[in-house]
Amino acid sequence: MNEVLAVATPTTTWYLILAALLFAIGAVGVLVRRNPLVMFMCIELMLNAVNLSFVALAKRLGDIGGQTTVFFVMVVAAAEVVVGLGIIVSIMRRRPGATADDVAELKG
Amino acid sequence: MELVVFVIAAAMVLVGAVGVIVRNNPVHAALSLILTLFGVAVMFVALEAHFIAAVQVIVYAGAIVVLFLFVIMLLGVDRAEDLKAEPFRLQRPLAAVLGIGTAGLVIAAVVSARDAIGSGGALQTPDLTGDGDSNIRELARSVFGDYVVAFELTSVLLVVAVVGTVMLTRRVKSGVKSEKGE
């Protein structure tokens, strides 16, 4: 049993495959869901998938630069969420219950 | 042991991610998102990225998801979306094809490159292991050394984002003359 566990140690490839699955789920969510808030959450899923692969490769290559990149991705994601939610709030205030299909013009 | 951690964290990540796209109540989707983010944080710890794991929990689970919940509850958009109704024919099948295709292509690329990225066992990385706070020290040296200009620019980015959001969501008072006839 211990030998089996020693052989089946998760490698970088496992993390990258998991990141690919997470990215695909997020992409399907963006395409399928029509609530703008849930579409935003799916974008967060995709960003997290990319962060996971960055950190896995940083460990594999012994390079801290991957983790630095993840740090900056998180900052930009926070700014993106703030601006996006602001836009959603101002759209929802004019048209309660708007979905992504209703937002077809720039001047709400 | 690492295998057990990986399997549990991967289950958290995938269950949470599927939950985000199949739950029709936005509040439930946000809570599923927290599950995914915690699973990713566990994986960061397993990959010896301790500082990034802490930031993941604090910034993502603590700030971004709370911001989502604030907006959901302030706007009252928490009524369930009807997932049965399909707005466009073929949208769901095409999305499924694209998702499976994306996952398949990336996994095929990763598997075919597994010799280059070394699936034979995780490489020992002396500069990332060691005593408890060496990860934080390395990251600080990188962020405040090599990437200090980018770090300063992110502060500008955050200020611009906050000011822009305040401008977007501010209500024009009825007594004040508005400039654009809002």
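Predicted model: local features only at pLDDT ≥ 70, side-chain atom pairs only at ≥ 80, totals over all residues.
**Entry 1**

I looked up helix 1 (residues 2-22) of chain B and helix 2 of chain B; they pack at an angle of about 155°, with their axes 7 Å apart. Angles over 145 degrees count as roughly antiparallel, and helix 1 of chain B is therefore roughly antiparallel to helix 2 of chain B. I recorded the crossing of these two helices as left-handed.

I then listed residues on each side of the contact. Helix 1 of chain B contributes, among others, Val5(B), Phe6(B), Ala9(B), Met12(B) and Gly16(B). Helix 2 of chain B contributes residues including Leu33(B), Thr36(B), Phe38(B), Gly39(B) and Met43(B). Sorted by class, this contact has 16 nonpolar, five polar and one charged residues.

**Entry 1. Chain B as a whole**

I counted six helices and zero strands in chain B. Read from the N terminus, its elements run α-α-α-α-α-α. Chain B has 182 residues, of which 23% count as buried. Of the contacts in chain B with a separation of 6 or more, 52% come from residues 24 or more positions apart.

Which residue other than glycine did I find with a positive phi near 65°? The residue is Glu48(B), and I located Glu48(B) in the loop between helix 2 and helix 3 of chain B. Most residues other than glycine have a negative phi, so I marked this entry for attention. Glu48(B) has 19 other C-beta atoms within 10 Å and is therefore partly exposed; a residue needs 20 or more to count as buried.

**Entry 2. Helix 3 of chain B**

Helix 3 of chain B has 26 residues. From its first C-alpha to its last it reaches 36 Å, close to the 38 Å expected at 1.5 Å a residue. Just after this helix, I found Gly76(B) with a positive phi of about 65°.

I next looked up the buried residues of helix 3 of chain B, which include Ala53(B), Gln56(B), Tyr60(B), Ile64(B) and Phe68(B). What covers the buried residues of this helix? The cover includes helix 3 and helix 4 of chain A together with helix 2 (26-46) of chain B. I followed the two helices of chain A in the next entries.

**Entry 3. Helix 3 of chain A against helix 3 of chain B**

These two helices pack at an angle of about 175°, with their axes 12 Å apart. Helix 3 of chain A and helix 3 of chain B are therefore roughly antiparallel to each other. Leu37(A), Met41(A), Glu44(A) and Val55(A) meet Ile52(B), Ile64(B), Phe68(B), Val71(B) and Ile72(B).

**Entry 4. Helix 4 of chain A against helix 3 of chain B**

Are helix 4 of chain A and helix 3 of chain B roughly parallel or roughly antiparallel? The angle between them is about 5°, and their axes lie 11 Å apart. The two helices are therefore roughly parallel to each other. The contact is made by residues including Phe71(A), Met74(A), Val81(A) and Leu85(A) of helix 4 of chain A, and Val59(B), Ala63(B), Leu67(B) and Leu75(B) of helix 3 of chain B. This contact has 17 nonpolar, one polar and no charged residues.

**Entry 5. Chain A against chain B**

I then turned to the whole interface. In chain A, 65 residues are in contact with 71 residues of chain B. Helix 2 (12-32), helix 3 (36-61) and helix 4 (65-94) of chain A each supply at least two residues of the side that touches chain B. The largest share of this side, 21 residues, comes from helix 4 of chain A. I divided the residues of this side of chain A into 44 nonpolar, 15 polar and six charged.

**Entry 6. Two single residues at the interface**

I placed Val83(A) in helix 4 of chain A. With 16 other C-beta atoms within 10 Å, Val83(A) is partly exposed. Leaving aside neighbours within four places in sequence, Val83(A) is in contact with Ala161(B), Gly164(B) and Thr165(B).

I placed Leu98(B) in helix 4 (residues 91-112) of chain B. Leu98(B) is partly exposed, with 14 other C-beta atoms within 10 Å. Not counting residues up to four places away in sequence, Leu98(B) touches Ala27(A) and Leu31(A).

Key. Residues numbered from 1 in each chain as written. Chains lettered and ligands numbered in written order. Contact = placed C-beta atoms within 7 Å. Helix = DSSP H or I, 4+ residues; strand = E, 2+ residues; numbered from the N terminus. Nonpolar A, V, L, I, M, F, W, Y, C, P; charged D, E, K, R; others polar. Buried ≥ 20, exposed ≤ 12 C-beta atoms within 10 Å, placed from the backbone. Axes fitted to C-alpha atoms, helices over the stretch in contact; angles between N-to-C directions. Parallel < 35°, antiparallel > 145°, perpendicular 65-115°, else oblique. Expected span 1.5 Å × (residues − 1). Left-handed = near helix turned anticlockwise from the far one by under 90°.
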